[in-house]
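Reader: I have a model open and want to learn to read its features. Walk me through it, please.

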Amino acid sequence: MYNPTFTNPILPGFYPDPSICRVEDDYYLVTSTFAYFPGVPIFHSRDLIHWEQIGNILDRNEQLPLAGADVSQGIFAPTLRYHDGTFYMITTNVSSALGNFFVTAKDPAGPWSEPYPLGSEGIDPSLFFDDDGTCWYCGTKPRREGARYFGDNEIYIQKLDLETKKLTGESYPAWHGALRQVEWPEGPHIYKKDGWYYLFISEAGTAHHHAVSVARSKSLTEPFEGCKGNPVLTHRHLGFHYPIVNVGHPDIVQTPGGEWWMVLLASRPYGGYCRNLGRETFLVPFCWEDGWPVINPGRGIVEPSGPAPGLPLSITPAVPSREDFDGSQLPLHMMYLRNPVAGNYSLTAKKGFLSLRCAKDTISSDGTPSYVCLRQKHFSFRFETSLVFEPAGTDEQAGIVIFQNTAFHYQCLAGTDGSTTVVSVVKTENGSATTVSETVLDAPCHALTLRLEADGQDLSFSFCRENGSFTAIADKLDGRILCTDAAGGFVGNTIGIYATANGNESDTSAAFDYIEYTGA
């Protein structure tokens, strides 16, 4: 059975900078994770549409040091490649001395090796294996003759010795991008077809003017010539009201049947030009005409849906909407903010619960808060959790958070005023926290269910005592402060459970029975 159509995005939510490779009939894909841990999720598919997460490539602290990283720092733009029985993932940790590094694995599900740092300049490294097995590094850095302005970059190429795991030989400038005074030529990938080396890049920055350009050369050590049709893909001419914006950062793959497909990032604004979900992973077909790519022939844009790849239908297991914390590990799609403090989390302290210690670091700091989260994937959704919590002091709180970054988020937290239970909703905007609503219960309550409901950009919080009905705490709060257009940065929203001692030491834990996320 074949898929007649498919729907974009193929990975909804905060899954930017996709990179793809094919091994026989199997496809593997990775994306950026910035300051979240574990890093670089890896997915498997057989039809390019249905994807199952099979691991996280950077799942150990020594692979992914994130201490003090800003939410939009950490891991940038991974590239995934396969050669001669080995998978390679190369990326940049902009927040640590690792810089540009790669890891390897025989099994894409892991385990992956320790990092091999390269000491190279710039960001967005990629690997290309030539016909003779030679490995070439391709990256982005400021123009070697001197950047004339911020973002005046070059794409450069250098050999990588796979025995020594080091760059070797001369570094060659390949291209500076398609347009005059172009900013941020980046995200390079090299491919070989019909005797030509093709270089796909993005340029103009990863916002509304994002674009895909391509160049080619007969030699990797000589300058590349840009396509006269550049940029070969952009949505900047479609305006702010087209449902898919800021397309870019492509990687390409050919199916066994000869079809060519491109994965790339884009965003879906809603409630105005507000991109709360961040940059997501999309799919678009293309073909080759006169030696150059033509994206989505006859249309030239990325569409919400279209004819599917000519591949057998391969349904993958859906991510469950509810997690009951009955296993020995958290599901692969759940994340922490920066490297977690192991002692702050337990799946065994209270059977069937995830216990979070009230950490000294808060969600507004650049430290290690007790926060477990998943990605927002829908414009409208419901997120719910049930917790058992007996705070020992007024500084201890626990509950749910919808988080864009440390300066922009909402919290719905249970705590105590010293005699009874207090449930409060706190808005943090531009780094300033304001309690927008507070409910003082008539008696202490140590078991509560908390709920966040989003109707587009309207956010509402409510709570429920054991065996009771839900009571609204705050209604129709503005979710627009949680978009990258207001908050800045490169990430999408996450939603999760949280426990804090608000800057103080604590041994108190909150036990969460489940979390449930349902998209509309």
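Reader: In which loop is T221 found?

Author: First, the ground rules. This is a predicted model, in which local features need pLDDT of at least 70 and side-chain atom pairs count only at pLDDT 80 or more, while totals for chains, interfaces and linings use all residues. Residues are numbered from 1 along each chain as its sequence is written, and side-chain values use heavy atoms, with hydrogens and water left out. Strands are DSSP runs of E, at least two residues long, numbered from the N terminus. T221 is in the loop between β17 (211–217) and β18 (225–226).

Reader: How many aromatic pairs does the structure hold?

Author: Rings of Phe, Tyr and Trp (its six-membered ring) pair if their centres lie within 6.5 Å; planes under 30 degrees apart are stacked, over 60 edge-to-face, the rest tilted. The structure holds 29 such pairs. Take F128 and Y197: their planes are at 85° and their centres 5.9 Å apart, so the pair is edge-to-face. F128 sits in strand β11 (residues 123–129) and Y197 in strand β16 (residues 196–203), so distant parts of the chain, 69 residues apart, are linked. F128 is buried at 8% relative accessible area, and Y197 is buried at 8%.

Reader: Which aromatic residue pairs with F200?

Author: W288 does, edge-to-face, at 6.4 Å centre to centre with 85° between the planes. F200 is in strand β16 and W288 in strand β22 (residues 280–289), so the pair ties together parts 88 residues apart in sequence. F200 is buried at 0%; W288 is buried at 17%.

Reader: Which rings have a charge over them?

Author: The test is NZ of Lys or CZ of Arg within 6 Å of the ring centre and within 35 degrees of the ring normal. The charged end of K141 sits over the ring of Y156, 4.7 Å from its centre. R322 lies over the face of Y514, 3.8 Å from the ring centre.

Reader: How many disulfides does a search of the whole structure find?

Author: A disulfide needs two cysteine sulfur atoms within 2.5 Å. The search finds 0. For C21, the closest cysteine sulfur is in C135, 13 Å away, too far for a bond. For C412, the closest is in C464, at 12 Å, again too far. C21 is buried at 7%, and C412 at 0%.

Reader: How much space lies in the largest pocket?

Author: Rolling a probe the size of a water molecule over the atoms shows where empty space is left. On a 1 Å grid over the protein atoms alone, a pocket is an open set of points where a 1.4 Å probe fits, with protein on both sides within 12 Å along at least five of seven lines; lining residues have an atom within 4 Å of a point. Volume is the space filled by probe spheres set on the points, which are joined across faces, edges and corners. The largest pocket holds about 880 Å³. Its lining has 29 residues, with W51, P317, A318, V319 and K377 nearest the centre. β39 gives the largest share, 3 residues.

Terms used: Helix = DSSP H or I, 4+ residues; strand = E, 2+ residues; numbered from the N terminus. Buried < 20%, exposed > 50% of the residue type's maximum accessible area, 1.4 Å probe, protein only.
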